[in-house]
Amino acid sequence: MSSSEHATDTVWRNWAGNEVARPRRVLRPASTESVAAAVKDAVRDGLRVKAVGSGHSFSGVAVAPDVQLRLDLLDAVDAVDPETGLVTVGAGMPLWKLNPLLASHGLALENMGDIDRQTVSGAISTGTHGSGVRFGGIATQVRALELVLADGSVTACSPTERPELFAAARVGLGALGIITKVTLQTVPLYALHARDASMPVAETLGRIDELVEENDHFEFFWFPHSETTLTRRFRRLPGDTPLSPIGAFSRRLDEAVSGPGFEALNRLGTRVPRLVPPITRFAARAMSSRSWTDHAYRIFASVRDVRFHEGEFAIPRAHAAEALRELRTWVDTHGEPVSFPLEVRFTAADDIWLSTAQGRESCYIAFHQYHRMPYRRYFDACQKILGSYGGRPHWGKMHDLGADELRPRYERFDDFVALRDSLDPTGVLSNPYLDRVLGAPPAGG
């Protein structure tokens, strides 16, 4: 099947609304061959080409000034092997669709983040992760990739086939090739027992190592201006465990602090900023203790109805409490109204070249602000504080660092750039964001 093309006056916006593109061409390829043809046409016409998934990145990583490839038609399941757990899917497969498909075969992703709107290729390419210090990000579950390179050729990579490309392309930012198929190592279907519990900020920070080690998955939320964190502890259970899903009352409570009710409070805080601290204290009190059991993918992912801007940095796990205390001091002393919580998660180290967890156990600290409220001063402070601990910005979230600042934070940064330059010397697959964070290609700047 060939690509379908949209009108050239299409305006694309990401989920948060902070990134906008007006591509000259918008294509929806339905096969690897169509992707390859689109790239060859772009090369012929001297245009840059970028693939886009669900648009859930807050950064400009997927912004396409010239040719935009929407991969939603590449959402087929190519192969499922229940014996080995290997599953091959199209790059445009969204996680919300993949999870129940895997469950129907008795399989599951080993770990995932707290949003399931992303496509598989978008999630791995930007380093999407979950929490659990014994588990890596989604990219660590990849076992093979099919890509269309900048010259329109098609290649595959794995630990044994083009291993250098595989080591880099699992978190490739779309800079090395356009992913068309992904082979994932899944695990047998499992359940989670989830327990939410409120805890004073000081106690949470004092017990971070204990809480991280004693739970399969641990994370917590802290609303600035409040003295309370919501801790979330997940314990892995066999897939045939009797389930007790979250009840109707708890769902209504979730809506109060993350749905229409929270939207209304944020609108009020936007008009009257002095009300933000009491609003956040109310939201913190509304997050009550509860427990429930369900299949993992239904617990990992949460609904995000209220739009926001977000940045996130990964720092060495050992500095988690120290960095959070410094962030708390800044909020307390600068009078900045912050209506969304900090989200704190932990992951294992991995060996992927531009993974934010490369070579070290990591603490991820995500900072948010309601999309109608000013965020720059707060985000700049978070970037500066977390950067002082060697923080690596999430590739799909907001930051303003460039290649010179990022290079010393990654052991294999120059290796990645050299591979990019060899595969795409004229920058066919680049865009302004990639030119900033990697440096412009040698012949395409």
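Reader: Which residue of strand 12 stands opposite Val142?
Author: The model is predicted, so local features need pLDDT of at least 70 and side-chain atom pairs count only at pLDDT 80 or more, while totals for chains, interfaces and linings use all residues. Residues are numbered from 1 along each chain as its sequence is written, and side-chain values use heavy atoms, with hydrogens and water left out. Strands are DSSP runs of E with at least two residues, helices are runs of H or I with at least four, and both are numbered from the N terminus; two strands pair if DSSP finds at least two bridges between them. Strand 10 (residues 142-148) runs antiparallel to strand 12, the two being joined by 6 bridges, and the residue of strand 12 opposite Val142 is Leu184.

Reader: How many of the 8 residues of strand 12 are buried?
Author: A residue is called buried under 20% relative accessible area, exposed over 50%, and partly exposed in between, with a 1.4 Å probe and protein chains only. Strand 12 is largely enclosed by the rest of the structure, because the number of its 8 residues that are buried is 6.

Reader: What arc do the buried residues of helix 2 cover around the axis?
Author: In helix 2 (residues 95-104) the buried residues are Leu95, Leu98, Asn99, Leu102 and Ala103. The arc is that of the directions from the helix axis to the C-beta atoms. These residues lie on the same side of helix 2 because the arc that they cover is only 130°.

Reader: Which residue with a positive phi follows helix 2?
Author: The buried residues of helix 2 pack against several elements, including strand 8 (86-90), strand 12 (178-185) and helix 10 (296-300), where contact means heavy atoms within 4.5 Å. Helix 2 is then followed by a residue whose phi is positive, near 75°, namely Gly106.

Reader: Is Ser158 buried or exposed?
Author: Ser158 lies in the loop between strand 11 (154-157) and helix 4. Leaving aside residues up to four places away in sequence, Ser158 touches Arg143, Ala144, Pro163 and Phe166. Because its relative accessibility is 10%, Ser158 counts as buried.

Reader: What is the relative accessible area of Arg162?
Author: Arg162 is found in the loop between strand 11 and helix 4, and it has a positive phi of about 50° although it is not a glycine. Arg162 is partly exposed, since its relative accessible area is 38%.

Reader: What is the relative accessible area of His225?
Author: His225 has a positive phi of about 80° although it is not a glycine, and it is found in the loop between strand 15 (217-222) and strand 16. His225 is buried, since its relative accessible area is 17%.

Reader: Which are the edge strands of the open sheet?
Author: The open sheet has 8 strands in the order 17-14-16-15-19-20-18-21, with antiparallel pairing. Within it, strand 14 (residues 190-200) and strand 16 (residues 228-238) pair over 11 bridges, and Pro200 has Thr228 as its bridge partner in strand 16. Each edge strand pairs on one side only, and the two are strand 17 (290-295) and strand 21 (392-393).

Reader: Against which helices do the buried residues of helix 14 pack?
Author: The buried residues of helix 14 (residues 413-423) are Phe413, Phe416, Val417, Leu419, Arg420 and Leu423. They cover an arc of only 160° around the axis, which puts them on the same side of helix 14. The helices that they pack against are helix 4 (163-169), helix 13 (403-406) and helix 15 (432-438).

Reader: What is the volume of the largest cavity?
Author: A cavity is a set of points, on a 1 Å grid over the protein atoms alone, where a 1.4 Å probe fits but cannot get out, and its lining residues have an atom within 4 Å of a point; grid points are joined across faces, edges and corners, and a volume is the space filled by probe spheres set on the points. The structure holds 7 cavities of 30 Å³ or more. The largest cavity is lined by 18 residues, of which Gly127, Thr128, Gly137, Asp350 and Ser355 lie nearest its centre, and its volume is about 90 Å³.

How values were computed. On a 1 Å grid over the protein atoms alone, a cavity is a set of points where a 1.4 Å probe fits but cannot get out, and a pocket is an open set with protein on both sides within 12 Å along at least five of seven lines; lining residues have an atom within 4 Å of a point.
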